[in-house]
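Me: I would like to go through this structure with you, one topic at a time. Could we begin with the ligand?

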Amino acid sequence: MTDTDLLVIGGGLAGHAAALEAAEFGASVLLVEKTAAVGGSTLQSSGSFAFAGTQAQRDAGFEDSPEEIRTDIVAASGGLADPALVSVYIEGQAQAYAWLKAHGVHFHPVTLSSNQAVPRTHATQPMQLMTALHAKVLADERIEFVDNAAARRLVVDPEGKVTGAVFETGQGNWEVRARRGVVLATGGFSQNAELIEKFAPRMARALKLGGSGNTGDGLLMAWKLGADMVDMAHVNGTFGISLNHYPDMRAPAAGEALLRLAIYRGGIAVNLEARRFADESISYKKLGEICLDQPRSIGFQIWDAKIMAQSVPAPTATDFEGALALGLVRRADSIHWLAQAVGLDPEILTGTVCRYNADVAEGRDSVFGRTSLGRGWGKLVPIDKPPFFIYPCTTGVLSTYCGVRVTPRMECVDVFGETIANLYAAGEIVGGFHGSGYMSGSSLSKSVIFGRVAARTALG
Ligand SMILES: Cc1cc2nc3c(=O)[nH]c(=O)nc-3n(C[C@H](O)[C@H](O)[C@H](O)COP(=O)(O)OP(=O)(O)OC[C@H]3O[C@@H](n4cnc5c(N)ncnc54)[C@H](O)[C@@H]3O)c2cc1C
């Protein structure tokens, strides 16, 4: 038996934020990770955070504000995002950005990504992000960190108050008693086939990505205590996941998931019939759904030298040169040869690109009505400057973005609307924030913001 003030279950971004915040309040903290390495899905991510009104945006000439980010989050959610949780994000986002920088996290230049009306992706290198935060955890004598221990059930007193948890370790079961509460920061459930089948059967054909430990353990433990769940019907895939070594269609292995989105720089997407299948400016979640319905669920992003020149060598979805170097992108001097490189019909692909270019010249997309690069931002560009590039990709469930209902103080709420005493949640396990869709970068930011709020509530 081990005693602590606050028990934080899950060593990803939300868990680190909660543990560090609690320690900064003077509490003793036990941070426990199931696998041998910290980072979960955070480490696999593109490292993009969404913040608004930062100096980095102003320096790049982008006008943005917390109210604009609110509008985009709510729009991306299909109007379903819980306004109270969105307000927590809005109120905490500037501080979270400052907090990350103060904890040694480095940010790259600001770029545009899905569902952002203004460029507000503040990219990090995920390994640098987690290494910096984990170093702070290890250096803080108020925090004890334990890995290779999986929480299996929560311990509850006769009044229903959560008093700790039982972990499975290589040496048997280990019980932890937490005086001030337990924070569930166990991430999503993309790696739990049974839960995906239960809540998102239409994602059967999508690749499943995310941290190997992300099997929904926290969700199940909270569910056992009667926790309510939100947004479970909205698990979605993301368009743009590399299909390594097409046409063998080897899915990326854990840790090498690659997301590239040339569509938001002006590229187009076609299917195996070499025809466009959507307005490419829409959210990559919606595109993901549409892509699953295409032949063999495959899409090809196509772009030219003008777009290639915008490649950003950071761990973002805009690192086109990096994808070319890895052999995930093919290059050719004509659309005809590009088609041949991946086995598409050259005549049809040439016709598709010619028609798109003619439409762009006339200022209208006669096929799908595309008017911008992404969510109203940026003018359409013709795909006409050789060399040309093609990237075979598909839809992947990266994250589940749904889960336990929480109050704005990150208290878990049961199916009758009552808080479960001493039980808090933060990060991807939380439902109610993303609704039916996600604005790029908001999940990492949310993990930091909600993790810090959960710790403050438990100790307040
Ligand atoms: C390929 C990819 C790209 C992405 N890109 C972005 C992006 O650029 N921007 C963005 O905002 N979001 C992105 N996301 C989503 C984002 O990475 C996650 O939503 C976010 O990292 C979740 O953080 P978290 O701390 O809640 O969970 P995680 O970082 O997944 O951490 C959860 C941790 O809990 C541990 N755990 C699970 N069960 C137990 C247990 N029983 N006991 C103890 N520990 C347990 C896990 O092993 C894991 O280490 C991406 C996701 C993927 C997969």
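Reply: The ligand is surrounded by 41 residues, a residue being near a molecule if its C-beta atom, placed from the backbone, lies within 6 Å of it. The closest are G10, G12, G40, G213 and G427. Please note that this is a predicted model, in which local features need pLDDT of at least 70, side-chain atom pairs count only at pLDDT 80 or more, and totals for chains, interfaces and linings use all residues. Residues are numbered from 1 along each chain as its sequence is written.

Me: Which elements give two or more residues to that shell?
Reply: They are α1 (13–24), α2 (40–44), β7 (149–156) and α14 (442–459). Helices (H or I, at least four residues) and strands (E, at least two) are DSSP runs, numbered from the N terminus.

Me: And how do the shell residues divide into nonpolar, polar and charged?
Reply: There are 12 nonpolar, 25 polar and four charged residues around the ligand. Here Ala, Val, Leu, Ile, Met, Phe, Trp, Tyr, Cys and Pro count as nonpolar, Asp, Glu, Lys and Arg as charged, and the others, Gly among them, as polar.

Me: Moving on, how is the protein chain divided into domains?
Reply: Domain 1 covers 2–233 + 400–459, and domain 2 covers 238–397; the bounds come from an automatic or database domain assignment. Their centres, taken over C-alpha atoms, are separated by 31 Å.

Me: How many residues of each domain are in contact?
Reply: In domain 1, 28 residues are in contact with 26 residues of domain 2, contact meaning that the C-beta atoms of two residues, placed from the backbone, lie within 7 Å. On the domain 1 side, β5 and β10 (207–208) each supply at least two of the touching residues. That side has 11 nonpolar, 15 polar and two charged residues.

Me: What does β5 pair with in its sheet?
Reply: The open sheet has three strands in the order β3-β5-β4, with antiparallel pairing. Two strands pair if DSSP finds at least two bridges between them. β3 (48–50) and β4 (110–111) are at the edges with a single partner strand each, so one side of each has no neighbour in the sheet. Two bridges link β4 to β5 (residues 121–123), and T111 has T121 in β5 as its bridge partner.

Me: Now β2, please. Which strands pair with β2?
Reply: β1 (residues 2–9) runs parallel to β2 and is joined to it by four bridges, with V29 as the bridge partner of L6. The chain goes from β1 through α1 to β2 in a right-handed β-α-β crossover; right-handed means that, with the strands pointing away from the viewer, the path from the first strand over the helix to the second runs clockwise. β6 (residues 143–146) also pairs with β2 in the parallel sense, over four bridges, and E144 in β6 is the partner of L30.

Me: Are the β2 side chains V29 to V32 buried or exposed?
Reply: All are buried, with V29 and L31 pointing one way and L30 and V32 the other. A residue is buried if 20 or more other C-beta atoms lie within 10 Å of its own, exposed if 12 or fewer, and partly exposed in between, with C-beta atoms placed from the backbone.

Me: Last topic: which peptide bond is cis?
Reply: The bond from P386 to P387 is cis, with omega near 0°. P387 belongs to the loop between α13 (346–362) and β16 (388–397).
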